[in-house]
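Here is a short tour of one protein chain. Look it over first, then read on.

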Amino acid sequence: MNTNPQMQAVLSPGLLLVLSAPSGAGKTTLARMLTQRFPEARSSVSYTTRPPRGQEKEGVDYHFVDTLTFQQMIEKNQFVEWAEVYGNFYGTSREIIDHSFTSRGIAVFDIDVQGGNKIKSKFPDATLIFILPPSMEELERRLRQRATDTDDVIRRRMLAARSEVEKGVTSYDYLIVNENLDDAFDRLRSIVIAEQTRRGRVDLSALKLPRD
Ligand code: 5GP
């Protein structure tokens, strides 16, 4: 048996990348840029019981399902995690994780902090990245600009945002302040490349090295 702790760290070949942020911080845009830039990256499309907003499309932004279907999926153990957020249910399907492991790909999860921490507890080498707005005032301005929500919804979202930021900054591996989209994406890209380069994730099979 190998007793050298340095040699024991076995990372999963695929990268599980969780992106969380209060809504309005630019997380969805950054997640989209990531999947465009890294062909091996696939976004996890969550299941939700909330109705589509604006231009949202089935199978792209979410899988929109009714509460009964969601409940049946829980019973069949089809979610790696699920949660109730703002009175609606959201869940992450297991399928994309299996795919990222077999293909050495990147599974990108655009979910909240409680979901991210649940993924980390099941997969400890998952990488948790929290996207922050430059200030809470700027976040509120961005939410109002979207104009898809009523004042009351915006107030609720600002309260939730504060609590989400507090949890994210204390439990996540990396924090990116999104003041400028290009700079934020540079940081995100650097994190992904560094995580892919960690010992245990690099495919060394072609080197035909002796196994310990
Ligand atoms: P929205 O309704 O604005 O799209 O999302 C509301 C919140 O639910 C966001 O914080 C989003 O990150 C979170 N969310 C989306 N999908 C999932 C999921 O599969 N699991 C969990 N735990 N949260 C999710």
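## Leucine 181 and its partners

Beyond the residues within four places in sequence, leucine 181 is in contact with Thr29, Leu30 and Met33. Contact here means heavy atoms within 4.5 Å. Leucine 181 and leucine 30 are 151 residues apart in sequence, yet their C-alpha atoms are 7.8 Å apart in space. Leucine 181 belongs to helix α8 (residues 181-196). Helices (H or I, at least four residues) and strands (E, at least two) are DSSP runs, numbered from the N terminus. The relative accessible area of leucine 181 is 33%, so it is partly exposed. The cut-offs are these: buried is under 20% relative accessible area, exposed is over 50%, and partly exposed is in between (1.4 Å probe, protein chains only).

## About the model

The model is predicted: local features need pLDDT of at least 70, side-chain atom pairs count only at pLDDT 80 or more, and totals for chains, interfaces and linings use all residues. Residues are numbered from 1 along each chain as its sequence is written, and side-chain values use heavy atoms, with hydrogens and water left out.

## The largest pocket

The largest pocket has a volume of about 1,300 Å³. Of its 45 lining residues, Lys27, Thr28, Arg53, Tyr62 and Asp110 are the closest to its centre. On a 1 Å grid over the protein atoms alone, a pocket is an open set of points where a 1.4 Å probe fits, with protein on both sides within 12 Å along at least five of seven lines; lining residues have an atom within 4 Å of a point. Grid points are joined across faces, edges and corners, and the volume is the space filled by probe spheres set on the points.

Helix α2 (27-37) is among the elements that each supply at least two lining residues. The largest share, 6 residues, comes from α2. By class, the lining has 15 nonpolar, 16 polar and 14 charged residues. Ala, Val, Leu, Ile, Met, Phe, Trp, Tyr, Cys and Pro count as nonpolar, Asp, Glu, Lys and Arg as charged, and the others, Gly among them, as polar.

Lysine 27 is found in α2. Its relative accessibility is 14%, so lysine 27 counts as buried. Not counting residues up to four places away in sequence, lysine 27 touches Leu19, Ser20, Ala21, Asp110, Ile111 and Ile131.

Helix α6 (residues 136-146) and helix α7 (residues 151-171) pack at about 145°, with axes 11 Å apart. Axes are lines fitted to C-alpha atoms, for helices over the stretch in contact, and angles run from 0 to 180 degrees between N-to-C directions. The residues making this contact include Met136 and Leu139 of α6, and Asp151 and Ile154 of α7. By class, the contact has 7 nonpolar, no polar and 6 charged residues.

## Two buried residues

Isoleucine 97 sits in helix α4 (residues 95-103). It counts as buried because its relative accessibility is 3%. Leaving aside neighbours within four places in sequence, isoleucine 97 is in contact with Leu16, Val80, Phe109 and Phe123.

Aspartate 125 lies in the loop between α5 (113-122) and β8 (127-132). With a relative accessible area of 18%, aspartate 125 is buried. Its contacts, leaving aside neighbours within four places in sequence, are Leu11, Ser12 and Arg201.

## Loops with positive phi

Asparagine 77 lies in the loop between α3 (67-75) and β5. Its phi is near 60°, a positive value in a residue other than glycine. Arginine 104 is in the loop between α4 and β7. Phi of arginine 104 is near 55°, again positive in a residue other than glycine.
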